[in-house]
Amino acid sequence: MPLQPIPSAPRMRGLTERRCSRRGLLRAALGAAALAPLAACSVPGARKPVPTTSAAIAAAVTDFWRGKKAAGKLDFANYTQYIDSDPGDQSRHPTLEAFTRFSGITVHYDELIDDDASWFGKSQPEFASGQGIGYDLMVVGGDSYLTKYIELGYLAPLDHSRLPHFAAYGGAAFKNSSFDRGNVYTVPWQSGMTGIGYDPAKVGRKITSWQDLLDPKLHGKVGMWNDAVQMGNVALLAVGVDPETSTHADWRKAAAWLRKQRDAGMVRSYSTATYQSSLQRGDLWASLVYSGDIFQANQSGSHLEFVIPDEGGLLWTDNLCIPVTAAHPVDALTYMDYVYRPEVAAKISESVQFVCPVPGAQKVIARDAAAATGKRRALLESLSTSPLVFPTKAAESKLRHLRVLDEGEEKQWNALFEPIYQS
């Protein structure tokens, strides 16, 4: 039986709401007491050897896919409002319907993942017992929970010989990420950037550096987040360290930078849920932001700027992966490749408005804009020309990936960074 959705309050379409839900730590989403059930992932002997050499990976791929055939069915679990929908009927998803016409594969699609932490907590016992979770494809953020899925042997290694469109059209910046070198288990679903958003009319100058968030002129007007993962990683950038290769000594230096900012009274609020509206109202003049929030705010009439600071910004991805228990893995892999067709990626991006992992979709959206009229045309023109959806090469060169933390490092990391916004 498929896993059932975890009840949650109705969710607005806004990007902050969606990203906060998915990337927010369990402490924010469910409360610290909910951490206890996740201890199951530490059961002695639960981890399986993860293939690391090319030969071992190839052997794992061959072993998993041997004898598997298409079944004509796909069960797909996703986050809320994270695919294209028919404006007149939100229950219809045109690209899924087009996929069925193209492949003959019937899709059962559920938007039941509320956040990575609660989904892991709900699915982990099913994986551990060897039972299927009822889904052939799921979306998981590129954070510590994805690392847990991989380390525990819960994800199927991908047969890249069946992913020609990913190879041909997937952007270089979205391949070979720190959490899944070689895309052994995942391909990006949607992506985004973390940087600084600000109101130039309030600030009165251009912001170019993380150090600008220490400027006394912004005293009490800076927004930061109650998210140890993102806060720690941007602070590493602020002190001149690439998060991926950072050491424990670097973490302490980054935490000291954040404490300096806090103790100087620079930060008005630590929140992942309210910074967009606070920037739009003028309560905040500058804030740590997701790029898509600035795009959406400006579509609503704001005049905010997004900048990847000189020291660098963060590139994150939410990822498609196939549970090792999938009943229809060939059908899931067929869909994975299908969404890397530029015309399909364009249709999804036109709706969700995240950074698109398929650069070729930009021309398709521009073509669609030329054929549209009115507000639809204006929106598509903005999408096709926005560096917040299709980052420039210069921007991509300044983007870094999140530090991948093992279980012990995660505890040390949280002990350093959580008290900064909890005190």
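How are helix 9 and helix 18 oriented to each other: roughly parallel or roughly perpendicular? Keep that in mind while we look around, and remember that this is a predicted model.

Let's begin with the whole chain. The protein chain contains 18 helices and 10 strands. It runs to 423 residues, and 55% of them count as buried. If you take the contacts between residues at least 6 apart in sequence, 78% of those join residues at least 24 apart.

Now back to the opening question. Find helix 9, residues 228-238, and helix 18, residues 407-422. They pack at an angle of about 95 degrees, and their axes are 9 Å apart. Angles of 65 to 115 degrees count as roughly perpendicular, so helix 9 and helix 18 are roughly perpendicular to each other. Who does the touching? On the helix 9 side you'll find A228, V229, M231, G232, N233 and L236, while helix 18 brings W413, N414, F417, E418, I420 and Y421. Sorted by class, this contact of helix 9 with helix 18 has eight nonpolar residues, three polar ones and one charged one.

Helix 9 has another partner to show you. Helix 10, residues 248-263, packs with helix 9 at an angle of about 95 degrees, with the axes 8 Å apart. That makes helix 9 roughly perpendicular to helix 10 too. Here M231, G232, A235, L236 and A238 of helix 9 meet D250, W251, A254, W257 and L258 of helix 10. The contact of helix 9 with helix 10 splits into eight nonpolar residues, one polar and one charged. Look at M231, for instance: this helix 9 residue takes part in the contact with helix 18 and also meets helix 10.

Next, head back along the chain to a pair of strands. Strand 1 covers residues 73-79 and strand 2 covers residues 106-113; the two pair in the parallel sense over seven bridges.

One last stop is S277, which sits in helix 11, residues 275-281. Is S277 buried or partly exposed? Its relative accessibility is 31%, so S277 counts as partly exposed. From there, look across to A297: S277 and A297 are 20 residues apart along the chain, and their C-alpha atoms are separated by 8.4 Å.

Definitions and conventions:
Residues numbered from 1 in each chain as written. Predicted model: local features only at pLDDT ≥ 70, side-chain atom pairs only at ≥ 80, totals over all residues. Heavy atoms only, no water. Axes fitted to C-alpha atoms, helices over the stretch in contact; angles between N-to-C directions. Helix = DSSP H or I, 4+ residues; strand = E, 2+ residues; numbered from the N terminus. Parallel < 35°, antiparallel > 145°, perpendicular 65-115°, else oblique. Contact = heavy atoms within 4.5 Å. Nonpolar A, V, L, I, M, F, W, Y, C, P; charged D, E, K, R; others polar. Pairing = 2+ DSSP bridges. Buried < 20%, exposed > 50% of the residue type's maximum accessible area, 1.4 Å probe, protein only.
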